[in-house]
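Trainee: I would like to go through this structure one step at a time. Please start with a term I will need.

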Amino acid sequence: MRQLLLGLSLCMAFIATAAPTKQPTEIQQLQQQVQTLQATAPQQQEDIKQLQQQNQKLMNDVSVFTQVNGKQFDMQDKRISDLSFSISFFGTLITVLTLLASLGTYFTTKGRAKQEAEEISEKWFADNSSEFKEEIKNLRKKVETVQKEVEEHAEKTKRKMDEDGQKIAIAAQLKITSPDASTSSEPSLADQQAVNAANQALKAKPENEYTARDFYVRGLSEYSEKRFDSALVNFENAFQAAAEEKLSPEEVAKFMLAAASAHRQLGNYKEAIKGYNWIESHYRKNPNSALLHLAAEAILAKGVALGLMGEHKEAIAAFEQLEQLHYDNDDSPFLHKLVAQSLCNKGVALEKLGNHEEAIALCDRFEKRYASDESPAIRKLVAQALNIKGNALSQQGHHKKAIVVYDLVEQRYGNDGSTVMREPLARALGNKGSAFGKLGHHEEAIKVFDTLEKYYGKYDEPVLRKLAAQALINKSTAQGKSGSHEDVIKTSDLVEQRYGNDPEIALREHVAQALFNKSVALWQLGRSPEAIKISDLIDQRYRSDPSPVLRQQVAKALFNKGAALMGADDNKDAINALNLVVQRYADDSKPEIQLVVGRAMQLLNKLQSSDDENPTPA
C-alpha cells in the first residue's frame with residue numbers, strides 16, 4: 001500500500017510542474033510581433049507604445065507567474081526531498097532488515113552446519129578412534145625410541161670424549177726417557193701403546209683446538225716413529241702454548257726437555273744443549289722434587305750431547321756436576337738411577353779419551369756400589385759398566401781379561417730373561433767375539449757371533465737389530481781373515497737381504513760395510529769384474545750420504561776399484577778412479593779418510609812410474 005501511495009504522489013507532482021511551461025512560449029511570440037511591427041511600421045509609434053505597455057504588463061504578469069511558479073517548484077522540490085528521504089529511509093530499513101535476515105539465516109545455517117559437522121566428526125572419530133589411538137601409540141613408541149637413541153648417542157659421545165681425554169692425559173704424563181750413551185732409551189711397550197691410543201684420539205680433534213698437552217702427545221707419537229722434525233715442531237708448539245695456558249713449571253720444563261731431545265736426535269747438539277741449559281738454570285736449585293728431577297735429567301742429557309759432539313772432557317764435567325749436586329744422597333729411586341747413569345756415561349767418556357785405567361777404576365767402584373741393587377734399571381747399568389770395563393781392558397791389549405769380564409756378564413745375568421737385560425747381554429757377546437778376533441781366534445769369534453745372531457737377531461727392537469747386524473759384519477770379517485771368502489760373500493748377502501731397506505743410519509752403515517767386505521772377498525777370489533761392480537754400487541748408493549762412516553766406505557770402495565783395475569792392466573780407468581778419491585776427499589777432516597786418500601796418491605805415483613807391484617785392498 002505504501003509503495004502505491006508513493007507512486008501516485010510522484011505522478012501528481014510531475015503533472016503540476018508540467019502545466020506552466022506554455023506561458024514562456026506566448027511571450028516569445030509577442031516579442032517577435034513587436035519586433036516585426038517596429039521593423040515594418042516605425043511610423044506607428046502609438047501602437048508601439050501600446051504594445052510596449054502590453055509587453056510591460058505581460059512581463060509583470062510573467063514575473064508574478066514566475067514567483068508563483070517558483071514557489072510551486074520549491075514546494076515540489078521539498079516534497080521530492082521528503083519523498084527521497086522516505087525512500088532512503090525505507091531503503092535503508094529494507095537493507096538492514098535484509099541484512100538481519102541474512103545474518104539470522106547465516107547463524108542459523110552456521111549453527112546447523114556446525115551441529116552437522118560435529119555429528120559427522122563424532123561419527124568419524126567413533127569409527128576411526130581405535131585406529132588413531134593405535135597410530136598415536138606407535139608414534140609415541142617411535143618418539144621414545146628416538147629419544148632413547150639420542151640420549152644413548154649423547155652419552156656415548158660424552159663417554160668417548162672422556163675416554164679420549166683420559167688417554168691424552170695419561171700420555172701427557174709421559175716424557176722422553178733420559179738419553180744414555182751407554183745404553184739405549186727405547187720407550188716401553190706400555191708407554192708406546194699409551195701414546196698411540198692418545199694420538200688416535202687426537203685425530204678427531206681439529207688442530208686449531210689443540211692444547212699444549214695435545215701438541216706434546218702428538219710430538220711423542222712422532223718421536224716414537226722417528227719423525228724427529230715433526231716431533232720438534234709439536235714440542236715447541238707445546239712449550240709456547242704452555243705459557244699461554246699458564247701450565248705448571250713441571251710441564252713447561254718437560255716440554256722443553258722433549259724439544260731438546262728432538263734436537264739431539266736430529267744432530268742439532270748445540271740447540272739441544274741450549275734447551276738443557278735453560279732447564280738447568282731455571283730449576284737446578286728448586287726445592288720442588290719434580291723440577292729437581294727434570295734439572296738432573298737435563299744435566300745428564302747435556303753430558304750425553306757433549307759426548308756425541310766429541311767433547312768428552314766437557315761431558316765428563318757435566319757428569320761430575322751431577323754428582324757434585326749431591327743428588328746421589330737423595331732417597332729418590334729416580335735420582336739414584338740418574339747418578340748411576342751419570343757414572344756409567346762418565347766411564348764411556350774416559351774410554352773415548354783413552355783413559356782406560358780411570359775407566360776401569362770407575363767401573364770397579366760402580367760395580368761395588370750397585371751390584372746388590374735388584375732394580376732392573378740398575379742391574380742393566382751394572383752389566384753395562386762391566387762391558388765398559390771389558391772394552392777398556394781390550395783397548396789395553398788385555399783381550400783374555402776382557403773375555404773373562406764378558407763371561408761374568410753372561411754368568412750373572414744370562415738367566416735373567418727380562419727384556420731390559422737383552423741389550424747388555426748381546427753387547428757382551430759382541431765384545432767377546434771381537435776380543436777373540438783380536439787374539440786371532442777367528443773360529444771362536446765366529447761361534448760367538450753366531451750365538452748372538454741366533455738369540456738376539458730375531459727381535460725387532462732397534463738396538464738389537466743393530467747389534468745383530470754388527471755381529472754379522474764382524475763374522476764376515478773373521479771369515480775373511482780365516483780365508484773363507486765364499487762364506488764372506490754369503491754372510492754379506494744375508495746382511496744386505498735382511499737390512500738393505502732399513503732407513504736407520506747405523507744399519508745403512510752396516511750394509512755398506514757388508515758390501516765392501518763382499519767386494520774384497522770377490523777380489524781375493526780373483527773375480528775382479530764382480531768386485532768392481534760392487535764398488536760402483538757402493539759409490540752410487542752412498543756417495544751423497546753425509547754420514548762420515550759412509551763417506552769412508554765410498555772412498556775405500558773407489559780405492560779398491562782403482563786397485564782392481566790396476567790388477568787387470570786397465571791403468572787409464574784405474575787412474576780415473578784413484579783421481580776421484582783424491583778430488584772428492586782431499587779436504588776431508590776424518591783421519592781414516594785421509595789415510596785412504598794417501599794410499600790413492602801412492603798408487604797414482606806408482607802408475608806414473610810404471611811400477612808393476614800389485615796393490616792391496618783398503
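Mentor: Contact here means heavy atoms within 4.5 Å. Keep in mind that this is a predicted model.

Trainee: Which residues of α22 meet α21?

Mentor: The α21 side of this contact consists of Arg551, Val554, Ala555, Leu558, Phe559, Lys561, Gly562, Leu565 and Met566. Across from them, in α22, are Asn571, Asp573, Ala574, Ala577, Leu578, Leu580, Val581, Arg584 and Tyr585.

Trainee: How many nonpolar residues does the contact of α21 with α22 have?

Mentor: Sorted by class, the contact of α21 with α22 includes two polar and four charged residues. The nonpolar ones number twelve.

Trainee: Are α21 and α22 roughly parallel or roughly antiparallel?

Mentor: α21 and helix α22 (residues 571-585) have axes 7 Å apart and pack at an angle of about 160°. Angles over 145 degrees count as roughly antiparallel. α21 is therefore, relative to α22, roughly antiparallel.

Trainee: What is the handedness of the crossing of α21 and α22?

Mentor: The two helices pack with their axes 7 Å apart. The crossing of α21 and α22 is left-handed.

Trainee: How is α21 placed against α23, roughly parallel or roughly antiparallel?

Mentor: Helix α23 (residues 591-608) packs with α21 at an angle of about 15°, and the axes are 9 Å apart. Angles under 35 degrees count as roughly parallel. So α21 and α23 are roughly parallel.

Trainee: Which residues of α23 make the contact with α21?

Mentor: From α21 come Pro548, Arg551, Gln552, Ala555, Lys556, Phe559, Ala563 and Met566. By class, the residues of the contact of α21 with α23 are ten nonpolar, one polar and four charged. The α23 residues are Glu592, Ile593, Val596, Arg599, Ala600, Leu603 and Leu607.

Trainee: What is the volume of the largest cavity?

Mentor: Rolling a probe the size of a water molecule over the atoms shows where empty space is left. The structure holds one cavity of 30 Å³ or more. The largest cavity has a volume of about 40 Å³.

Trainee: Which elements give two or more residues to the lining of the largest cavity?

Mentor: Among the lining residues are Ser519, Trp523, Ile532 and Lys561. By class, the lining has five nonpolar, three polar and one charged residues. The elements that give two or more residues are α19 (505-524), α20 (528-542) and α21 (548-567).

Trainee: Elsewhere, are α5 and α7 roughly parallel or roughly antiparallel?

Mentor: Helix α5 (residues 212-224) packs with helix α7 (residues 249-265) at an angle of about 30°, and their axes are 11 Å apart. In the contact, Tyr216 is one of the α5 residues and Phe255 is one of the α7 residues. The crossing of α5 past α7 is left-handed. By their angle, α5 and α7 are therefore roughly parallel.

Key:
Residues numbered from 1 in each chain as written. Predicted model: local features only at pLDDT ≥ 70, side-chain atom pairs only at ≥ 80, totals over all residues. Heavy atoms only, no water. 1 Å grid on protein atoms, 1.4 Å probe; cavity = no way out; pocket = protein on both sides within 12 Å on 5 of 7 lines; lining within 4 Å. Points joined across faces, edges and corners; volume = space filled by probe spheres on them. Helix = DSSP H or I, 4+ residues; strand = E, 2+ residues; numbered from the N terminus. Nonpolar A, V, L, I, M, F, W, Y, C, P; charged D, E, K, R; others polar. Axes fitted to C-alpha atoms, helices over the stretch in contact; angles between N-to-C directions. Parallel < 35°, antiparallel > 145°, perpendicular 65-115°, else oblique. Left-handed = near helix turned anticlockwise from the far one by under 90°.
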